[in-house]
Amino acid sequence: MGDLEIRPAVAADLPAIVGMLADDPLGATRESPDDLTPYVTAFERLDGDPNQHLVVAEREGRVVGTLQLTIVPGLSRKGATRSIIEGVRVHADERGSGLGTRFIEWAIAESRRQNCQLVQLTSDVTRTDAHRFYERLGFQASHVGFKMPL
């Protein structure tokens with residue numbers, strides 16, 4: 001993987017992050033890379049919350065991936081803390097390079113470091129390649145998820 005660095009995202013990374021979020025059929029319908037205003041507001045909220053870890057992968061000064069890891073304390077499972085992996089994106093140039101695996105391994109290791117007992121994620125039902133990827137890394141499709149737009 002060469003000189004890849006996984007580091008906390010900074011505001012200057014937002015154009016690259018939003019570009020990756022928009023660079024697929026689902027993201028193209030729900031992201032707006034031309035107007036970063038809502039993303040700046042969201043970044044400020046994330047940046048001020050110690051349970052939110054928005055990270056990027058950087059190679060040779062270029063952002064080539066992103067993910068968000070959220071730490072969630074809870075009462076269920078005997079007071080277990082869990083983590084949620086969200087918004088995993090790898091730049092089109094880097095897909096198939098092993099970066100996705102490195103990202104998920106980082107998220108799992110960080111979850112352990114944060115004393116989480118469970119790591120979870122969701123993936124849109126149409127992303128069958130992503131489902132195979134997560135299953136290969138040891139995740140199990142154990143639940144049915146529900147969402148409601150507000």
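**Cores and a strand residue**

Tutor: In this predicted model, the largest nonpolar core has 18 residues, and those with the most contacts inside it are Leu 67, Ile 85, Leu 99 and Ile 104. A nonpolar core here is a set of buried Ala, Val, Leu, Ile, Met, Phe, Trp, Tyr and Cys residues joined through side-chain atoms within 4.5 Å, where buried means under 20% relative accessible area, exposed over 50% and partly exposed in between, with a 1.4 Å probe and protein chains only.

Student: Which elements give two or more residues to this core?

Tutor: They are β2 (52–59), β3 (62–73), β4, α5 (99–113) and α6 (128–136); helices (H or I, at least four residues) and strands (E, at least two) are DSSP runs numbered from the N terminus. There is also a second, separate core of ten residues, which includes Met 20, Leu 46, Leu 54 and Val 56.

Student: Switching to Glu 86, where is its place?

Tutor: Glu 86 lies in strand β4, residues 81–90, and is partly exposed, with a relative accessible area of 37%.

Student: And what does Glu 86 touch?

Tutor: Setting aside residues up to four places away in sequence, Glu 86 touches Leu 67, Gln 68 and Thr 122, contact meaning heavy atoms within 4.5 Å.

Key:
Residues numbered from 1 in each chain as written. Predicted model: local features only at pLDDT ≥ 70, side-chain atom pairs only at ≥ 80, totals over all residues. Heavy atoms only, no water.
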